[in-house]
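Thanks for asking me to look this over. My notes follow as numbered points, with the cut-offs given as they come up.

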Amino acid sequence: MYELLLVDDSEPELNCIVYLLRKFSFPFQITTAPDGEEALAILSGKRFDVLMTDIQMPFLDGLGLTRKALALQPDLRVIIISAHEEFSYAKQAIALGVQDYLLKPIEPAELKSVTERILSSIESAQAQKNFEAIASDYIRNHLLLQLLDNDPSIESPQSQRLLAQFFQNYQTLLLLELKQDSFAKNDGLLEEHLKEELGTEHFYYLNITPSLSLLLLDAKLTPRASALASDLIAWAKEVCRSTGFVSYGSFSSLEELRAVYGQLEELLENAFLSPKRQIFPLSLYQEMDEQQEDALSALSGSASGKIREVKQYIYQNYGTALSLNQLAALVFVHPDYLSRLFKKETGMNLNQFIKRFRMEKARELLTRTQMKVSAVGEAVGYGNRSYFCKTFNDFYGVSPEKFREESSAQRTHRKDQAGATGCAGDVKAGSTPRAHRKELGRT
């Protein structure tokens, strides 16, 4: 439902308009006022989508109301109502930014037509806002992933400005790791839970892999980080039927965010060193770092061979379900040991390595084949189409459909250029273009 404020000092005319709007079943919650002053008081305390106002009224006329109403609510759509002899006033109102007008006596068909145009305008603007919000989310997710992956392109001035714009108000990072790829199986549930518990203003959520998500908190929520970590563990157990592990810590700059992310990730990878613990504050990092070096020293000689075997298996089976437990069994080590070994040998988290390889293969299939997007997702190990599309969008900053469209356009452009070059060479049969003759002369 949309909110409409109807203002007219003539009660019969006001009631007539209300009757017609309801008769046509327009989706309006209608509020009425007998003059401009009362209408302005109502506008000061409540947001409206449409203002429909008469021009000639006591205390504050329609033009004055329009001017002050748009100052209070710039997105307000205004329809003025005027008699034929007041049409010069109507022209002034349109200059103020009024969208449409109605002439008295009001014809039902004209009221219906004008109101439909206003509704169409509102819906189009809302659709544009929704599109911009989605595009903004894609950009933010892509930039944050680039920052955390230490992508060199993130150092460009434009990227740095956008990062500061999007993330400068956050102070604390939480990582939540779930077993058995629970995020892919419960896509979107955690974000909805966080919105219910925290609202929408003071945190930022991003799923990174099927088993890992992150949460950024601003100054208001930072004091609740420890309690929130416990809440996430309980949520994972209740909703996903999965064991969860949370690491968290604060940062003071975007550069420090990247460093803290790496340390928190290592805390989760080394959780096996503290089998009774599920929550790891950043203060434990130094202690655990020393423990894991001792624990892994005996495996150092065979590590490279084991990691080569795991990577080869991923290259050959990326389209199937891959889990840490499965890969650990392949090389006869504990899953937590494999996680740490893989990070130590490759500099990359195992799940991130699998995700990156799958995304590269998805790009190849979108570029070189006409497979449906859902089929591409399945071919690279994503049975859930929406989860595949979101992951691709976050990774490349563009949807699979848009990526394919842009790749096709680039190939067509290259072919056109090649064709144009070939035609230029045939302009004069038997002759050699001047630029080419010059080149030949140097050889």
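1. Buried stands for under 20% relative accessible area, exposed for over 50%, and partly exposed for what lies in between (1.4 Å probe, protein chains only). With a relative accessible area of 31%, Lys 112 is therefore partly exposed. Glu 116, at 36%, also counts as partly exposed.

2. A word on the source: this is a predicted model, where local features need pLDDT of at least 70, side-chain atom pairs count only at pLDDT 80 or more, and totals for chains, interfaces and linings use all residues. Residues are numbered from 1 along each chain as its sequence is written, and side-chain values use heavy atoms, leaving out hydrogens and water.

3. The whole structure holds 16 salt bridges (a side-chain nitrogen of Lys or Arg within 4 Å of a carboxyl oxygen of Asp or Glu). One of them joins Glu 116 and Lys 112 at 2.8 Å, N to O. Both residues sit in helix H5 (residues 108-148), four residues apart, about one turn of the helix. Helices (H or I, at least four residues) and strands (E, at least two) are DSSP runs, numbered from the N terminus.

4. Lys 343 and Glu 269 form a salt bridge at 3.8 Å, N to O.

5. Two strands pair if DSSP finds at least two bridges between them. Strand S3 (residues 50-54) and strand S4 (residues 77-83) pair over five bridges.

6. Finally, helix H15 (residues 350-368) packs against helix H17 (residues 385-396) at about 95 degrees, with the axes 11 Å apart. Axes are lines fitted to C-alpha atoms, for helices over the stretch in contact (heavy atoms within 4.5 Å), and angles run from 0 to 180 degrees between N-to-C directions. H15 is therefore roughly perpendicular to H17; angles under 35 degrees count as roughly parallel, over 145 as roughly antiparallel, 65 to 115 as roughly perpendicular and the rest as oblique.
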